[in-house]
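My entries follow in the order I made them.

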Amino acid sequence: MNIELPDNLIQALKAIRASGGHPLIVGGAVRDAVMKRQTKDIDIEVYGLKPNLVATALVGVGTVDIVGMAFGVLKVHGINADFSVPRRDNKVGQGHKGFDVETDPEMSIEDAARRRDLTINSMAWDPFTGELHDPFRGAQDIEDKLLRATDQSKFLEDPLRAMRVAQFVSRFNFHVQNDLEAMCIEADLSQLSGERLYEEWRKLLSGRWADKALYFVRGALLRQFPELAAMADCPQDKVWHPEGDVFVHTAMATVWARELSEDPTVWWATLLHDAGKPSTTTKDDDGRVRSWGHEDAGIAPARSFLQRLKAPKDLEDRVAALVAYHLAPVHFVDEINGGHDGSARPSAYRRLARKLGAAGTGLKTLYLVSKADHFGRSTREAVARLFPVGDEFLRRAEMTQVTERPEPDIVMGRHLLNRGFQPGPEIGRILAKCREYQYDSGCKDADTILNYILIEEPQDPQS
């Protein structure tokens, strides 16, 4: 194996070695190199030098910053790497920050690796000799596609590690050792900040095997996410969802969300699109399962889930809107929804685009969520990867030219002011009528729209 290092990092490593230190590449960069994957983050552990001497050695390379005072982590401007010395983490409190850290540059490589979560992350590589240090058989576990705890007695000291296992399942398609899964079941995620959980969920949803990760979550961690737990065992109509319960369908759909789009908004909205089904699902007298109104009912649990993860507010708003309207692409083309040709009129597309636009998203994104929802099933059409109704929705949306952003208002307040109207609530009421006429008629001329509205409803400009 080999890790390609930039010239400025090699210069820094040489400066450390010239000062008597022994730098090793550790953690994810080594794991990725063994797996022959690209890596972004490089961590260096320096043996034989105290942190202040590591900083002194790096001063000649560039400006040095201490970014993790408690952990003795150093960064050099212009070098994408973290430098630290080996340390012991002693658990003294709750959460991932509840540690007393003791740095020890004379620690053995094995003892330094023991604090890490998984064996695949517990390897070290010497950039000068090319030697791989692998005291816990991480390379073999990579070959076996196995996730295994480095030290079972320390694994649960940081409960976030249970979510890291889930995101590694999603990204690498590894299976989880039984002992490790049993430990994850005992993890108390309530000790963790929402921001840390959000980042692990983001990585989980970004993986190609998000469905397998969600099944792991279902078996080990689901009780800690009530909005998702409610989906498990929630029945669905077998005509539309022969694949199983809401959770199974959701897991299948998340894979397609990642396949169809690089936009995390699509991933999150797909994960939560059916969050309203548990509260709305009933059975008819004939045994058919119904979930009337689950779109609107899903807004509150979707927001609740994202708020607990401290997700960005703009993401929360986009997801809530997409959850609320995720069936619109089907309904707009479905024959039961009216319109001269058995489908929604262009004005309906314009209104929907405006509602989504107010939340920061649009019809193209909605189409992708709806497509992931459709493909995340085992119906004949879904298995054939056909979504003719959704494709027709997108075609008609593109004809209205509102797929990326809502249609702007043609008549503005200044048009009324120019006609002698005085500022006040009456202007707002007239503008709303102008907007409705614009959507219904497709007219793009402000004077034509305004003349029509004022003829239909004469106004005294001075009133």
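**Entry 1: R377**

I started from the side chain of R377, which reaches the backbone oxygen of D373 at 3.1 Å. The model is a predicted one, and I read the distances with that in mind. I then looked for a side-chain partner and found H241, whose side chain makes a polar contact with the side chain of R377 at 3.5 Å.

Next I placed the residue in the chain. R377 sits in the loop that runs between α19 (363-375) and α20 (380-383).

Is R377 buried or exposed? Its relative accessibility is 13%, and the cut-off for buried is under 20%, so I noted R377 as buried.

I also listed its contacts, leaving aside neighbours within four places in sequence. R377 is in contact with W240, H241, E243, H249, M252 and A382.

**Entry 2: α6 and α9**

I turned to the helix pair. Two packed helices are described by the angle between their axes and the distance between the axes. For α6 (residues 160-172) and α9 (residues 210-220) I noted an angle of about 150° and axes 7 Å apart. The cut-off for roughly antiparallel is over 145 degrees, so α6 and α9 go down as roughly antiparallel to each other. I recorded the crossing of α6 past α9 as right-handed.

Which residues make the contact? From α6 they are A162, V165, A166, V169 and S170, and from α9 they are A210, K212, A213, F216 and V217. Sorted by class, the contact of α6 with α9 has eight nonpolar residues, one polar and one charged.

How values were computed:
Residues numbered from 1 in each chain as written. Predicted model: local features only at pLDDT ≥ 70, side-chain atom pairs only at ≥ 80, totals over all residues. Heavy atoms only, no water. Helix = DSSP H or I, 4+ residues; strand = E, 2+ residues; numbered from the N terminus. Buried < 20%, exposed > 50% of the residue type's maximum accessible area, 1.4 Å probe, protein only. Polar contact = N/O pair within 3.5 Å; in protein donor to acceptor, adjacent residues only side chain to side chain. Contact = heavy atoms within 4.5 Å. Axes fitted to C-alpha atoms, helices over the stretch in contact; angles between N-to-C directions. Parallel < 35°, antiparallel > 145°, perpendicular 65-115°, else oblique. Left-handed = near helix turned anticlockwise from the far one by under 90°. Nonpolar A, V, L, I, M, F, W, Y, C, P; charged D, E, K, R; others polar.
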